[in-house]
Amino acid sequence: MSRFGRKLSNWTANWLDLPQDTLSDTPRLAMIGNRHLIVENHRGIVHFSNELVRLALTNGELEITGSELVIRAIWTEEIRIEGTIGHITYKGTGELK
């Protein structure tokens with residue numbers, strides 16, 4: 001997204017009193033206990049096994065470790081992961097976009 005596009009999105013979110021993540025590519029995570037994880041605004045799967053899932057994000061990667069991990073559903077920008085989730089780690093690129 002261009003600099004103008006980011007500024008327009010930020011201005012629109014502020015003017016309409018919306019959360020910033022509704023108009024941006026910011027990842028959004030929802031976790032139910034340690035068994036279900038929903039990640040919105042991902043950019044694809046980098047690695048998948050029953051103990052490790054790595055997802056590409058706009059500014060880095062999200063690493064989910066645990067046991068018996070399965071991808072229950074996947075859509076263009078949302079993924080649902082189930083299993084026993086042990087750790088979630090964000091590895092950013094250090095770049096602001």
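## Pairing around E6

Strand E2 (residues 36-40) is joined to strand E6 (residues 78-92) by 5 bridges, and the two run antiparallel. Within this pairing, Val-39 has Ile-79 of E6 as its bridge partner. Strands here are DSSP runs of E with at least two residues, and helices are runs of H or I with at least four, numbered from the N terminus. Two strands pair if DSSP finds at least two bridges between them.

E6 also pairs with strand E5 (residues 60-74), in the antiparallel sense, over 12 bridges. Gly-66 stands opposite Ile-85 in E6. A hairpin of 3 residues joins E5 to E6.

The model is predicted: local features need pLDDT of at least 70, side-chain atom pairs count only at pLDDT 80 or more, and totals for chains, interfaces and linings use all residues. Residues are numbered from 1 along each chain as its sequence is written, and side-chain values use heavy atoms, with hydrogens and water left out.

## The sheet

The open sheet has 6 strands in the order E1-E2-E6-E5-E4-E3, with antiparallel pairing. Strand E1 (28-32) and E3 are at the edges; each has a single partner strand, so one side of each has no neighbour in the sheet. On average, neighbouring strands of this sheet are turned by 25° against each other, direction ignored; the axes are lines fitted to C-alpha atoms, and angles between N-to-C directions run from 0 to 180 degrees.

## Asn-41

Asn-41 lies in the loop between E2 and strand E3 (45-48). With a relative accessible area of 11%, Asn-41 is buried. Buried means under 20% relative accessible area, exposed over 50%, and partly exposed in between, using a 1.4 Å probe and protein chains only. The Asn-41 side chain reaches the backbone oxygen of Thr-26 at 2.7 Å.

## Nonpolar surface patch

Phe-4, Leu-8, Trp-11, Trp-15 and Leu-16 make a nonpolar surface patch of about 650 Å². Patch residues have over 30% relative accessible area and no salt bridge, and nonpolar side chains are joined within 5 Å. A salt bridge is a side-chain nitrogen of Lys or Arg within 4 Å of a carboxyl oxygen of Asp or Glu. Accessible areas come from the Shrake-Rupley method with a 1.4 Å probe.

Leu-8 lies in helix H1 (residues 3-15). Its relative accessibility is 43%, so Leu-8 counts as partly exposed.

Conventions
A polar contact is a pair of N or O atoms within 3.5 Å; within protein, one must be able to donate a hydrogen and the other to accept it, and residues adjacent in sequence count only if both atoms are side-chain atoms. Patches are made of residues with over 30% relative accessible area and no salt bridge: like charges are joined within 9 Å, nonpolar side chains (Val, Leu, Ile, Met, Phe, Trp, Tyr) within 5 Å.
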